Amino acid sequence: MTVRTVRRVVAITGAGGTLGAALSHRFAGEADTDVVLSDVSESALLATVEGLPDQRGAIETLTADVGDAAAVERVVGCAVERFGRLDVLISNAG
């Protein structure tokens with residue numbers, strides 16, 4: 001069993017879709033993981049957040065269209081600003 005001494009930060013684009021919601025649920029449910037979730041659809045993103053486990057790390061959300069490079073940079077920037085780092089980027093959108 002691996003025990004991390006620092007929290008892991010994971011960003012997921014396309015978090016409002018079926019696969020994105022499943023990934024979000026999995027990572028958010030890990031006690032030592034904080035997540036940044038993004039999707040082009042605010043309503044789909046909200047539905048994903050509502051389905052996350054009660055026991056979870058911190059969550060940040062933002063709408064972003066991965067077809068816009070500046071929007072992807074905002075997702076990464078959100079992770080770094082809020083959590084001080086980004087360990088994993090799951091480019092699931094599109």
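Reader: Let's begin at the end of helix 3. Which phi does Gly84 take there?
Author: Just after helix 3, Gly84 has a positive phi of about 80 degrees. Keep in mind that this is a predicted model.

Reader: And the other end of helix 3? What does the Asp68 side chain reach?
Author: At the start of helix 3, a side-chain oxygen of Asp68 comes to within 3.1 Å of the backbone nitrogen of Ala70.

Reader: How far apart are the end C-alpha atoms of helix 3?
Author: They are 21 Å apart. Helix 3 covers residues 69–83, and at 1.5 Å a residue its 15 residues should span 21 Å, so the two values agree.

Reader: Which residues of that helix are buried?
Author: Ala71, Val75, Cys78, Ala79 and Phe83 are buried in helix 3. These residues take up an arc of only 95 degrees around the axis, which puts them on the same side of the helix.

Reader: What covers them?
Author: The cover over the buried residues of helix 3 includes strand 1, strand 2 and strand 3.

Reader: And which residues are exposed on the other side?
Author: Ala69, Glu73 and Glu81 are exposed there.

Reader: What does Val80 touch, leaving aside neighbours within four places in sequence?
Author: Val80 is in contact with Arg85 and Leu86. As for Ala70, ten residues away in sequence, its C-alpha is 15 Å from that of Val80.

Reader: Okay, over to the sheet. How many residues of strand 2 are buried?
Author: Seven of the seven, residues 33–39, so strand 2 is largely enclosed by the rest of the structure.

Reader: Which of them point which way?
Author: Thr33, Val35, Leu37 and Asp39 point one way, Asp34, Val36 and Ser38 point the other way, and all are buried.

Reader: What about strand 1, how many of its residues are buried?
Author: Six of the six, so strand 1 is also largely enclosed by the rest of the structure. On one side sit Arg8, Val10 and Ile12, on the other Val9, Ala11 and Thr13, and both faces are covered.

Reader: How many bridges join strand 1 to strand 2?
Author: Five, and the two strands run parallel, with strand 1 made up of residues 8–13. Val9 stands opposite Asp34, and the bridge partner of Val10 in strand 2 is Val35.

Reader: Which residue stands opposite Val10 in strand 4?
Author: Val88 does. Strand 4, residues 88–91, runs parallel to strand 1, and four bridges join the two.

Reader: How do strand 2 and strand 3 pair, in what sense?
Author: In the parallel sense, over five bridges, with strand 3 at residues 59–63. Val36 has Glu60 as its bridge partner in strand 3.

Reader: What joins the side chains of Arg8 and Thr33?
Author: A polar contact of 3.3 Å. Not counting residues up to four places away in sequence, Arg8 touches Phe27, Glu30, Asp32, Thr33, Asp34, Asp87 and Val88.

Reader: What is it in contact with, leaving aside neighbours within four places?
Author: Ala58 is in contact with Arg7, Thr33, Asp34, Val35, Arg82 and Phe83. Ala71 is 13 residues along the chain from Ala58, and the C-alpha atoms of the two are separated by 21 Å.

How values were computed
Residues are numbered from 1 along each chain as its sequence is written. This is a predicted model: local features need pLDDT of at least 70, side-chain atom pairs count only at pLDDT 80 or more; totals for chains, interfaces and linings use all residues. Side-chain values use heavy atoms; hydrogens and water are left out. Buried means under 20% relative accessible area, exposed over 50%, partly exposed in between (1.4 Å probe, protein chains only). Two strands pair if DSSP finds at least two bridges between them. The expected span of a helix is 1.5 Å times one less than its number of residues. The arc is that of the directions from the helix axis to the C-beta atoms. Contact means heavy atoms within 4.5 Å. A polar contact is a pair of N or O atoms within 3.5 Å; within protein, one must be able to donate a hydrogen and the other to accept it, and residues adjacent in sequence count only if both atoms are side-chain atoms.
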